[in-house]
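Visitor: I have a model open and would like to learn how to read it. Can we go feature by feature?

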Amino acid sequence: DLVHGANTFGHSKLSWRARVDWVHEQQQLIEAVGRNPWGNLEFWSAADDPWQFLAFCREYQQFSHHGYGYVSRLPVVLDCTCSGIQHYAALLRSSSMANMVNLLASDEPQDIYSQVLQMVLDQVRYDAAAGEEYARNWMELQPDRSLAKQVVMTLPYSAGHQAVIHFCKRWATKRSIDLHGAQTGWCYRKGAMSCCAYMASILYRITGAMIAPAKQAMTWFKRAGAMAGRAGI
């Protein structure tokens, strides 16, 4: 419950110990919210998920009041990390993939999307320094983990290269609007799809390399499915 409370406030990227410590540090405020939400609105309304955090505060205050033996009925939400890769990691007993998607014990939560993004940015910065125009275009948009997340999430479900190109185009268009206003920037000019294909190739290659066992398993499943179809079984 303590980890859940810290998560709903917005600390889901901290280590498990740091999240528990944060709740203990804020205990007086949390219990005050549980007793009188409207008198302590400024604290709980600043949470990332204020209503879920408010529910946690009330439950925590009740636990503090009644002590051990109190029966909590608070739903605790813990999001999985890229469930497609989690399933393949478990199926294949792949410790390398399991570690990237939080299936192995770790003091700090692992973030495969940020890992992929960092490798992508290393490549794009290298290309930009070498004078690659597409790379400079992408650096203008300040790519973050949301660029990598959709690709990493969908590759275990057999998303192909073309799907990644179109995702990059949607992401670039939205980011350009957010940064510069509607219909400005390179993604609205001639050659935009080629620029998106450049980024898609990097994302597809790096992600594929990181989840290589899953890619091999997908190839096996496709072959087995095709053989079963031809045999009518």
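Visitor: Let me start with one residue. Is threonine 81 buried or exposed?

Guide: This is a predicted model, so every value here is computed from predicted coordinates. The cut-off for buried is under 20% relative accessible area. Threonine 81 has 13%, so it counts as buried.

Visitor: Where is threonine 81 in the chain?

Guide: Threonine 81 sits in the loop between α5 and α6 (83-92).

Visitor: Which residues is threonine 81 in contact with, leaving aside its neighbours within four places in sequence?

Guide: Gln86, Met100, Val101, Asn102, Gln110, Ile112 and Tyr113 are in contact with threonine 81.

Visitor: How should I read a positive phi?

Guide: Most residues other than glycine have a negative phi. A positive value in another residue type is worth a look. Glutamine 142 is one case, with phi near 50°. Glutamine 142 lies in the loop between α9 and α10. At 52% relative accessibility, glutamine 142 is exposed.

Visitor: What is the phi of serine 158?

Guide: About 70°, again positive although serine 158 is not a glycine. Serine 158 belongs to the loop between α10 and α11. With 38% relative accessibility, serine 158 is partly exposed.

Visitor: On to charges. How many salt bridges does a search of the whole structure find?

Guide: The search finds 6. The general idea is simple. Side chains of opposite charge can pair when their charged atoms come close. Take glutamate 31 and arginine 35: their closest N and O atoms are 3.9 Å apart. The cut-off for a salt bridge is 4 Å, and this pair counts as one.

Visitor: How are glutamate 31 and arginine 35 placed in helix α3?

Guide: An α-helix has 3.6 residues a turn, so residues three or four places apart point the same way. Glutamate 31 and arginine 35 are 4 residues apart in helix α3 (residues 27-35), which means about one helical turn separates them. Their surroundings deserve a check too. Glutamate 31 is buried at 15% relative accessible area, whereas arginine 35 is exposed at 53%.

Visitor: Which helix holds lysine 174 and aspartate 178?

Guide: Both lie in helix α11, 4 residues apart, about one turn of the helix. Lysine 174 is exposed, with 53% relative accessible area.

Visitor: What is the N to O distance between aspartate 144 and arginine 175?

Guide: That salt bridge is at 2.6 Å. The pair links distant parts of the chain, 31 residues apart. Aspartate 144 is in the loop between α9 (133-140) and α10 (145-154), and arginine 175 is in helix α11 (residues 161-180). Aspartate 144 is partly exposed at 31% relative accessibility, while arginine 175 is buried at 14%.

Visitor: Step back to the charges of the whole chain. How far apart are the mean positions of the positive and negative charges?

Guide: They are 11 Å apart, for 22 positive and 19 negative charges.

Visitor: How many helices and strands does the protein chain have?

Guide: The chain has 13 helices and 0 strands. Its radius of gyration is 23 Å, well over the 17 Å that the globule rule gives for 233 residues, so the chain is more spread out than a compact globule. The C-alpha atoms fill a box of roughly 60 × 55 × 30 Å along the principal axes.

Visitor: How far apart in space are histidine 180 and histidine 66?

Guide: They are 54 Å apart, C-alpha to C-alpha, and 114 residues apart in sequence. Histidine 180 is in helix α11. At 47% relative accessibility, histidine 180 counts as partly exposed.

Visitor: What share of the residues of the protein chain count as buried?

Guide: Of the 233 residues, 39% do.

Terms used
Residues numbered from 1 in each chain as written. Predicted model: local features only at pLDDT ≥ 70, side-chain atom pairs only at ≥ 80, totals over all residues. Heavy atoms only, no water. Helix = DSSP H or I, 4+ residues; strand = E, 2+ residues; numbered from the N terminus. Rg over C-alpha atoms; globule rule 2.2 N^0.38 Å. Buried < 20%, exposed > 50% of the residue type's maximum accessible area, 1.4 Å probe, protein only. Lys, Arg positive; Asp, Glu negative; His and termini not counted. Charge placed at Lys NZ, Arg CZ, Asp CG, Glu CD. Salt bridge = Lys/Arg side-chain N within 4 Å of Asp/Glu carboxyl O. Contact = heavy atoms within 4.5 Å.
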